[in-house]
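Hi,

Here is the structure I promised to pass on. Have a look at it first, then read my notes below.

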Amino acid sequence: MVTERVPEARSVAIGCWVAVGARDESANQAGASHFLEHLLFKGTQTLKAAELAEVIEAAGGEMNAYTGAESTAFFTRLPADAAALGLDLLAEVVREPVFGPADVDAERHVILEELTAAEDDPDDRAHELLQAALFPDHPLGREIMGTRSTISAMAPVDIAGFHREWYRPANLVWSVVGPVDHETVVDELDRRFTQARGSAPRRTPPTAPPTPGAVEHMAVEQTHLAVGLRALAATDDDRFALTVANQVLGGGTASRLFQQVREERGMAYTVYSQPTTHSDGGALVLYAGTSPECADEVLATFHAELDRLAEERVRPRELEVAVGYLAGSIAIGLEDLGSRSSRLAGSVLTFDAVIPVDEVIERYRSVTAEDVQAVAQRVVAGAPRAVVRVGPEA
């Protein structure tokens, strides 16, 4: 349980992060975390789904959730005077769901529609294929929502069993930000969670090398390109240098990819790069949506800029811009209580401690051009690259 007191705030952000996600599912459980995320809002032992929505909205609040590879998050934002209500409701949602057969079947159809929407979206499809190529034969390479077959086969008893196994205090991180008292929050939550402590998931890192990628034809106008490399774990000391390197490469509008691909040559509206991290590895992903006739040139630019990052030191001004943006975005994020809550929970999940904001900013400001080149050589130089194309036939 971690809190941050913001006495001047007029609202409170309350979140419960569960340290289990899509990578912790067996093959026949694929999609269970996401399915469970949906179902927890279908009602509790005392509140039906409509009643839950009415209570939270009558208090002026909202409640939502999301599923990731290594965690599932449930959160609410309410006026400060409704903080106790928010804790009550979120604790009840996480602790006392009701997996009624009718609700399970209704939400099953919702998720199947969600899968269809992702399959129809060439951007989503490109990223899905890239994950599969980067992490073959591993849960990190699977779609977080699961597959049609696993979702169709999942029974209420299966979902209830998954909840019973993982939604225990040992796997929960509560993060509350606002005009709150830490001891009061601890007391309020302690009396609601008294069951056995449980154990954390045991994870196996990916070992198979990335595959070359894939080409998939869709009846769309653009070609969607995604290039990926294996990268760093969330706790790696070089993570700050890699984030700076990514910012130079394609992390913002001043980046090399944005300036070359969009501003100078007008080959794409959307182009970017981004790192993703997990407890035992990660990825660096480049993406663009472009016309079929420009696809080869965009892809060549991706490869050339990756090579350049490893072969040449970044210019002083590039480094200054990248570090300034990253440090500034952290400061701006502190203006939002939900972002603060998420930062606290993420820090505890990853490091079992809260890393001070000033320390994080200082780590970015201490990154040098030599650090950027060194991490690029470590991640990029000689590393296999998966390439995915989704779009019309040539």
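This is a predicted model: local features need pLDDT of at least 70, side-chain atom pairs count only at pLDDT 80 or more; totals for chains, interfaces and linings use all residues.

Residues are numbered from 1 along each chain as its sequence is written, and side-chain values use heavy atoms, with hydrogens and water left out.

**Salt bridges**

Side chains of opposite charge can pair when their charged atoms come close. Searching the whole structure turns up 27 salt bridges. One of them joins E70 and R23, with 2.8 Å from N to O. E70 sits in the loop between β3 (62-67) and β4 (72-79), and R23 in the loop between β2 (11-18) and α1 (32-39), so this pair ties together parts that are 47 residues apart in sequence. (Helices, H or I with at least four residues, and strands, E with at least two, are DSSP runs numbered from the N terminus.) Are E70 and R23 buried or exposed? Both are buried, which means under 20% relative accessible area; exposed is over 50%, and partly exposed is in between (1.4 Å probe, protein chains only). R23 and E70 also belong to a network of salt bridges that links them with D24, R203 and D280.

Another salt bridge pairs E305 with R308, whose closest N and O atoms are 3.2 Å apart. These two are 3 residues apart in helix α11 (residues 295-311), so about one helical turn separates them. E305 is buried, at 6% relative accessible area, whereas R308 is partly exposed at 21%.

R315 and E318 make a salt bridge too, with 3.7 Å between the closest N and O atoms. Here R315 is partly exposed, with 46% relative accessibility, and E318 is buried at 12%.

Now look at helix α10 (residues 256-264), where R256, L257, F258, Q260 and V261 are buried. What covers these buried residues? The cover includes α9 (239-250), β8 (268-278), β9 (281-290), α11 and α12 (316-333).

Two packed helices are described by the angle between their axes and the distance between the axes. The axes of α10 and α11 come within 11 Å and cross at roughly 155°. (Axes are lines fitted to C-alpha atoms, for helices over the stretch in contact, and angles run from 0 to 180 degrees between N-to-C directions.) That makes α10 roughly antiparallel to α11; the label is for angles over 145 degrees, with under 35 counted as roughly parallel, 65 to 115 as roughly perpendicular and the rest as oblique.

Which residues meet? On the α10 side they are R256, L257, Q260 and V261, and on the α11 side V298, T301, F302, E305, R308 and L309. Contact here means heavy atoms within 4.5 Å. After α10 comes G266, which has a positive phi, near 55°.

**Aromatic pairs**

There are 6 aromatic pairs in the structure. Rings of Phe, Tyr and Trp (its six-membered ring) pair if their centres lie within 6.5 Å; planes under 30 degrees apart count as stacked, over 60 as edge-to-face and the rest as tilted. F240 and Y364 have ring centres 5.1 Å apart and planes at 80°, so they are edge-to-face. F240 lies in helix α9 and Y364 in helix α14 (residues 357-365), so the pair ties together parts that are 124 residues apart in sequence. Both F240 and Y364 are buried. Elsewhere, ring pairs link F41, F74 and Y167 into a cluster.

**Some loop residues**

D137, in the loop between α5 (122-134) and α6 (148-153), is a residue other than glycine with a positive phi, near 55°. D137 is exposed, at 81% relative accessible area. D352 also has a positive phi, near 60°, and is found in the loop between α13 (337-351) and α14. D352 is exposed as well, at 68%.

E25, in the loop between β2 and α1, is buried at 5% relative accessibility.

Happy exploring!

Key:
A salt bridge is a side-chain nitrogen of Lys or Arg within 4 Å of a carboxyl oxygen of Asp or Glu.
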